[in-house]
Amino acid sequence: MPWIQPLAELTLADIDRVGGKAAHLGALMRAGFNVPKGFVIDVEAFTSHFGLVTDPLVRPVVPRLQAEFMAQIVAALITHLGDVKELAIRSSSTQEDSNLASFAGQHSTYYFVAPQRIDQAIVDCWMSLWSQAALAYRRAGWAEIASGEPVRMAIIVQQMLPATRSGVAFSQDPITGVNECVIEATWGLGAALVDGRVSPDHARVSEAGELISYNISDKQYQVSPSPSNLDGNRLQEVSIARRHQAVLSTLEVERIANISQQLEALFEQPQDIEWSYVDEQLYLLQSRPITSQAKCHNIDKKLVLFKPLAENFTEPLTPLTQDLLSHLLPSIGAFYNGRFYLDADIISTLSPFVISDTEIADLMLLRHSPKRLKLSIAKLLKSASFFALAFLMDGANWIRAARSTPESLQGYRRVVDKIIQQRKLGIAQTMHRLVWGRGFFEPMSNKAFVLNISAGRYFLYIGILNACVTRFAPQYPIKQLSKTYHGRRDMQSLQLLEELRHLSQDLEEALDSDSNEAEQIKNVLSGQATTLPHGHPFTIAFDKFISSFGHRGPREMEVAAPRWRETPKALLELLRATPVQADTINKTHGSYLAARDELHAYLKPWQRKFVEHLCNKIAHFTALRENTRHYHIMAFAAIRQKLLDKERQLIENAKLTQNGDIFFLTISDIEALTDNTKTSEEAQTAIRLRRRQWHRRARGELVECINIEASTYTNNDLPENVLHGQCASPGYCEGKARVIFSPQQAKHLQPGEILVAPYTDPGWTPLFIRASGIIVETGSFLSHAGTVARELHVPCIVDVKGCTQEIKTGQRLRLNATSGRIETLI
């Protein structure tokens, strides 16, 4: 049989004849790994039907299969697969799984193929060389590979596995190159994971084989392991009980990591592995070299993150959110890889001082201020002219914003409801109205987003206060100063905590009863039910909370992120992690008054009045910033609902295929789909590419500077058991560490433990009152984590590089937040 070869007989020397995927599978089988049995149809069969393909961008005529060829296929099915009733037909192009390009997910795979339908599956698999996805992949940068040797494709025919769990493993981090195994896992078949349609669990294992972290994602969908799902595109919803359940046990994670190390040794380079479980039996489906993208930035601007803004983009934005925000944010920066950066050249132009790029980066990252600034008369005149013009255009709003009160903002909810009901407004127009209002004379309370930006002036007041106290009272411990300018109890963040505390107490009382209603609440918590008992006192209190705070949640500036009102189970789990201890806010208010008295003892009477004025200004604008965020997030939540309604219409009209697709389109894409100037196939191709791109960016490290060298803090002079960061809230504590990667893991945080997190946003706030201390990998003194931690007088250190990797759950830590020092004791 010249065209047929059993997989078990292949070696890497056969790559030119059977493609990279088949050759690697053969090598796996020869090495004794568990691979589904099957055979390969080599590239000569492809050439026999298509001839020599020298231009892979031109789609050929669909061939008719030769009789001799089909006779060999039938014989191979009998010889190598016997009585197997369901087949998997997979591509193995000569371009796939090379050191330069993987073509992962670009060519077709067909599942649950009956032996009598194998002819059509083979033709379809061959023709997927010219699918829209494969052509887009080449045009996006791989055309130079295609323009070399002729393109040919082999076909792998294997026993179909009804996989219950699937995933990928990288023997080395594909983004950073660190020698840690990265594993992603999901329910059902792995097709949706490869093309980004599901969010998988994410595990990391050290080179020594120890589990570093396991982050459980919200797995809303799975690819059905059903015979009716022939092309692996049919998604089904995952039950609520399993959405937040770990796909793999610790032992299974460590086993997969061990196998990945063996494969790296076998193939003598880092490997990208696909695997599946059928019940408890592990199978390897693929192993190929990791093809990492070069770590260069295809942008010529000098960009830097502004740390207080960066917490709003803790993960890369989806294309739709980025498109919406690009129409709103001022032109002082640019989006790059889903995050917003400030343009250092523009910052330099607006500054009256001669300042280097590195100094700008340090300022924006809130590392430290330049030791000495040189004033430039020419730059001063230019800067003064700009700000004078800006004040003439918007100075009235700046003054009006200073007079805003929490009470005046309460009408914004009615503004949002009124604008959302205007169906004639498009998505971009609706967002613009919600953010910027209708015009100058509209009340400032109708422009919560504008107020939020204006409230950022408290950054300047903090700088002035620090300078004055340093000048007036050199002996005063300056790192304690932050305790003096907080204490406003009308902040929505603090009211949220108090409402959660009361609601948590109500939940505890409800669960302690022996009633049927208590069982129904428990069923909601376990995922076996979705509705709370009607008319129950806890349900009434819960609904009241949702009416006030249901628009909040993790990643709340991302329109793709669900809100608390959409995920009652997640909110209930958060409630169970919220302590029902005594009123924390009233206790910290007393500490705040004592801190001010201590500061006054260092000052003269006239100095006290000036410093007191500055402290009150900072407290006012800090509260205004937190409160306006509570309200302007209503706009993002309302836009999300409008988008979900639009998505349902597009799915009903067969323009989109699954929930969540719309967030990987742009506004112009949605309009083009609606007026039929873009086809569903074109939209699906774009969505697949963007989903994969988004997941790749989400796995990557946060890049703080682009085309700028920022000064870096080194730990070279510190003992091995010590980490260092920035003080966001002063204080001292000692306790066990708890590394948490998302608010969904809140139930694991025990009272008195030290919370270690990659980032925090307002969705994390309820965890703060349970923690004795907080360590955050990304953040700043002015971030939400720092603001709330200072209000609660919880020691907090931010900007601790690598803390989620270096610190392990259960280790005992000594936290000196005042000096930014973290010491591992055990």
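1. Helix 13 (residues 377-402) supplies the largest share of the nonpolar surface patch, three residues. The patch covers about 390 Å² and is made by Leu375, Ile377, Leu380 and Leu381. Patch members must have over 30% relative accessible area and no salt bridge; nonpolar side chains (Val, Leu, Ile, Met, Phe, Trp, Tyr) are joined within 5 Å, and like charges within 9 Å. Areas come from the Shrake-Rupley method with a 1.4 Å probe, and for residues only the protein chains shown count as cover.

2. A note on the source: this is a predicted model, in which local features need pLDDT of at least 70 and side-chain atom pairs count only at pLDDT 80 or more, while totals for chains, interfaces and linings use all residues. Residues are numbered from 1 along each chain as its sequence is written, and side-chain values use heavy atoms, with hydrogens and water left out.

3. Ile377 is placed in helix 13. Ile377 has a relative accessible area of 58%, so it counts as exposed. The classes used here are buried for under 20% relative accessible area, exposed for over 50%, and partly exposed in between (1.4 Å probe, protein chains only).

4. A search of the whole structure gives 32 salt bridges. The term requires a side-chain nitrogen of Lys or Arg within 4 Å of a carboxyl oxygen of Asp or Glu. One of them pairs Arg288 with Asp272, with the closest N and O atoms 3.1 Å apart. Arg288 belongs to strand 13 (residues 281-289) and Asp272 to strand 12 (residues 271-278), and the pair links distant parts of the chain, 16 residues apart. Both Arg288 and Asp272 are buried.

5. Arg555 forms a salt bridge with Glu315, where the closest N and O atoms are 3.4 Å apart. Arg555 sits in the loop between helix 20 (537-549) and helix 21 (568-576), and Glu315 in the loop between helix 9 (307-310) and helix 10 (319-326), so the pair ties together parts that are 240 residues apart in sequence. Arg555 is partly exposed at 22% relative accessibility, and Glu315 is partly exposed at 26%.

6. In the salt bridge between Lys801 and Glu704, the closest N and O atoms are 2.5 Å apart. This pair also links distant parts of the chain, 97 residues apart: Lys801 is in the loop between strand 25 (796-798) and helix 27 (803-806), and Glu704 in the loop between helix 25 (680-699) and strand 19 (705-706). Lys801 is partly exposed at 46% relative accessibility, whereas Glu704 is buried at 13%. Salt bridges with shared partners join Lys307, Glu704, Asp799 and Lys801 into one network.

7. Gln480 lies in the loop between helix 17 (458-472) and helix 18 (492-512). Gln480 is buried, its relative accessible area being 18%. Its side chain makes a polar contact with the side chain of Lys483 at 3.0 Å. A polar contact is a pair of N or O atoms within 3.5 Å; within protein, one must be able to donate a hydrogen and the other to accept it, and residues adjacent in sequence count only if both atoms are side-chain atoms. Leaving aside residues up to four places away in sequence, Gln480 touches Pro730 and Thr818, contact meaning heavy atoms within 4.5 Å.

8. Zero disulfides are counted, the rule being a pair of cysteine sulfur atoms within 2.5 Å. Cys615 is buried at 1% relative accessible area, and Cys733 is buried at 13%.

Notes: Helices (H or I, at least four residues) and strands (E, at least two) are DSSP runs, numbered from the N terminus.
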